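Please keep the sequence and the structure in view while reading.

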Amino acid sequence: MVAAERCDNDSKAIDALPTPAYRVRKSALFFRIGVGLFLTLSGLLAIASCASNGSSPLKWQAATTVLEPEVVFDLVLNNVSDKTPVAEIESMLEQVEMSPLGRNQEQDLWLVRFNFDVLCGRLGCLHTIVSRDSDPMMTDQIWTHYLQPDSPTGSAFALVSPPNGEVELSKFLCLEITQVSHGSLVHRTHCYQNGSYRVVVEEQLAL
């Protein structure tokens with residue numbers, strides 16, 4: 001009699017257990033909820049990060065709308081081979097773009113990129129920062145690098161405010177540059193110091 005009651009109780013206990021299909025559905029539900037919360041938090045953190053450092057995209061425009069064509073011609077001429085024909089240089093002018101970095105009482109600074117094969121290669125395309133003073137026909141290159149325009153995270157460039165205590169007080173924004181190097185994602189912040197742009201923050205992340 002006792003054995004029969006025990007068997008009956010065991011049978012009821014087994015019947016009360018969730019079926020495998022129910023457990024799978026329940027696990028899948030919790031998994032989806034967890035993934036949703038993770039993505040939401042990740043998005044909020046990304047937004048907070050952008051807000052905290054005040055990053056903004058560059059505002060590219062045709063160099064010929066900012067500078068006289070003769071000045072753009074000289075910019076290209078100073079960076080190509082001496083054997084490059086004049087007609088070829090003239091055909092490149094419309095492919096040169098600029099983005100402002102700020103200005104003070106003495107000068108304004110622009111990031112310039114050259115979007116043509118002659119100044120592009122395995123490391124990317126030539127980018128240079130030029131300084132302009134009161135003479136509209138003169139520019140001075142203060143920084144030059146070959147850079148890829150895009151990164152696995154999106155655009156390779158962003159403008160940010162100078163980090164406190166890192167650079168001298170200026171009216172110029174810092175330039176965040178993200179590049180792939182030797183299998184890693186390298187994130188550098190370049191800020192204006194002593195007449196040029198220098199790296200003040202560097203981070204290396206695994207891809």
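This is a predicted model: local features need pLDDT of at least 70, side-chain atom pairs count only at pLDDT 80 or more; totals for chains, interfaces and linings use all residues.

Valine 160 has cysteine 174 of S10 as its bridge partner. S10 also pairs with S11, again in the antiparallel sense, and here there are 7 bridges. Serine 181 stands opposite serine 184 in S11.

S10 and S11 form a hairpin with 2 residues between the strands. Histidine 182 takes a positive phi near 50° in this hairpin. Burial is the other feature of S10: 6 of its 8 residues are buried, so the strand is largely enclosed by the rest of the structure.

## Helix H3 and its cover

Helix H3 spans residues 69–77. Its buried residues are Val71, Val72, Phe73, Leu75 and Val76. An α-helix has 3.6 residues a turn, so residues three or four places apart point the same way.

Several elements cover the buried residues of H3. They include helix H4 (86–92) and the strands S2 (96–103), S3 (108–114), S5 (124–132) and S6.

## The nonpolar cores

In soluble globular proteins, nonpolar side chains tend to be buried together. The largest nonpolar core here has 21 residues. Leu67, Val76, Val96, Met98, Phe114 and Phe116 have the most contacts inside it. H3, H4, S2, S3 and S5 each give two or more residues to this core. H3 gives the most, with 5 residues.

What does phenylalanine 114 contact, leaving aside its neighbours within four places in sequence? Its partners include Leu75 and Val76, two of the buried residues of H3. Gln95, Val96 and Asn79 are also in contact with phenylalanine 114. A second, separate core has 16 residues, with Leu58, Leu147, Ala156 and Leu175 among them.

## The second largest pocket

Rolling a probe the size of a water molecule over the atoms shows where empty space is left. The second largest pocket holds about 350 Å³ of space. Strands S6 (140–147), S10 (174–181) and S11 (184–193) are the elements that give two or more residues to its lining.

The lining has 16 residues. Those nearest the centre of the pocket are Tyr146, Leu147, Gln179, Val180 and Arg188. Leu147 also belongs to the second core.

How values were computed. Residues are numbered from 1 along each chain as its sequence is written. Side-chain values use heavy atoms; hydrogens and water are left out. On a 1 Å grid over the protein atoms alone, a cavity is a set of points where a 1.4 Å probe fits but cannot get out, and a pocket is an open set with protein on both sides within 12 Å along at least five of seven lines; lining residues have an atom within 4 Å of a point. Grid points are joined across faces, edges and corners, and a volume is the space filled by probe spheres set on the points. Helices (H or I, at least four residues) and strands (E, at least two) are DSSP runs, numbered from the N terminus. Buried means under 20% relative accessible area, exposed over 50%, partly exposed in between (1.4 Å probe, protein chains only). Contact means heavy atoms within 4.5 Å. Two strands pair if DSSP finds at least two bridges between them. A nonpolar core is a set of buried Ala, Val, Leu, Ile, Met, Phe, Trp, Tyr and Cys residues joined through side-chain atoms within 4.5 Å.
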